Amino acid sequence: MNFHHHQLKNGLEIITERMPYAQSVSFAFFIRCGSCNESPEIAGVSHFLEHMVFKGNQKWSAEKVNRTLDAIGANFNACTTEEYTVYYASVLPEYLEAAVEVFADILNPVCREEDFESEKRVILEEIQMYEESPPFGADERLREEFFGEHPLGHSILGTVASVSALTPQQMRNYLMERYLPGNITFVACGKVCDEEVIQMINKYCGAWENHGFFVPGFQPFTKPNLGERKINRPLATQHYILSNALAPPRVSELRYAARVFHSVVGDDSGSRLYWELVDNGWAEHAVLSYTEYAQAGVFTTSMCCEPEDGDRNMEVIHQLYQKLQKKVITEDELQLAKNRIATALVLSSEKSWGRLFMVGSEWVNTHQYYTVSEEMQLLKTVSLADIHAVIEQYPLTKSLTYRIGAD
């Protein structure tokens, strides 16, 4: 079997998927902490800490980290989400250990005062740039209002106030509480040997102390705020529509049906929204996306167009979503959507990079592993009855909608 799971004595999990045809290896440290795990006082600390990791520690300077990884041709980065933080890289197999050594070492940053303050300025600028770029931070405010007091409403970047007030000691405390081996999964996909990876991770991470297990909070979410809001942005040159509606959570049996449904309705080519608004020139961009979380799922409608077409396009979307409630999706549309998703799945799976995030995110989130063939089979089993169940239980007509533009 190409899949292997192992757990070190300190609790750190190791996942590998050997891809016989691969000539590269991609790996990541998945850490189960993100914006959902933050209190309002330290909002943005997970993302801030991601930046600080690459600033290094007593052994590694930021320059040494970058020069070492560049010297072996590593393609590396990190990202923070609502539910976890990921540090990842792709390398040639002969350089895997060298890259792993760097990542394992820098996951214990010292958070130097001078680095902390300089990176704080970078993040505050990032927040400001986000506020000034279309759609002017409206998607963050939409999320916050949609989820209300629920942790999913927290901004990944945090706020100007929370980031400004954050101290190095608060970050060190968060690091000690969250970056525990029992809260970390190492994933490697591509040209890998299971035993070699286990020995490697035990060598560099086996001595990490697990002084406790952080258990992320779980609060199922079912009651979003709904309605329509107009937001005036004098600098806006286009009209934007953003809308959130509830969707199946990750644990739902309807998650695959929801993926097919969003492709039928709002894929960026060949979907209902595409043909209604983009192909004929009424909108520059119109999609429906689906995001799965453990505690809820979200369907997000996103559209931008010329200001004079805003009212017309809003009505088109409204009528389309009303019509969908009558279960008008056809077998042909269902099959086309499945074909699109299947092609994207296979193409992505042919690269170690693509499999890394498929395998890693599924395991971290559900502790399940699916081969590409098993994923394809789950996709094939989606029926019109499943699509209808999504429509009935998660209507797009029950949404919170923001319209952004210059009045």
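## Two helices that cross

Helix axes here are lines fitted to C-alpha atoms over the stretch in contact, with angles from 0 to 180 degrees between N-to-C directions. Helices (H or I, at least four residues) and strands (E, at least two) are DSSP runs, numbered from the N terminus. This is a predicted model: local features need pLDDT of at least 70, side-chain atom pairs count only at pLDDT 80 or more, and totals for chains, interfaces and linings use all residues. Residues are numbered from 1 along each chain as its sequence is written, and side-chain values use heavy atoms, leaving out hydrogens and water.

The axes of helix 1 (residues 45–53) and helix 4 come within 10 Å and cross at roughly 130°. That makes helix 1 oblique to helix 4 (angles under 35 degrees count as roughly parallel, over 145 as roughly antiparallel, 65 to 115 as roughly perpendicular and the rest as oblique). Helix 1 brings His47, Phe48, His51 and Met52 to the contact, and helix 4 answers with Asp115, Phe116, Glu119, Lys120, Ile123 and Glu126 (contact means heavy atoms within 4.5 Å).

## The largest pocket

A pocket is an open set of points on a 1 Å grid over the protein atoms alone, with protein on both sides within 12 Å along at least five of seven lines; a cavity is a set where a 1.4 Å probe fits but cannot get out, and lining residues have an atom within 4 Å of a point. Points are joined across faces, edges and corners, and a volume is the space filled by probe spheres set on them.

The largest pocket comes out at about 910 Å³. It has 27 lining residues, and Arg255, Arg259, Tyr290, Glu292 and Ser361 sit closest to its centre. Helix 13 gives the largest share of this lining, 6 residues.

## The second largest pocket

Next is the second largest pocket, with a volume of about 460 Å³. Its lining runs to 20 residues, with Glu144, Gly153, Ser155, Gly158 and Thr159 closest to the centre. Helix 4 (113–132), helix 5 (138–147) and helix 6 (160–165) each give two or more residues to that lining.

## One cavity

The count comes to 1 cavity of 30 Å³ or more. The largest cavity has a volume of about 40 Å³, and its lining is Arg355, Met358, Val359, Glu362, Gln368, Tyr369, Tyr370 and Glu375. Helix 13 turns up again here, giving the most to the lining of the largest cavity with 4 residues.
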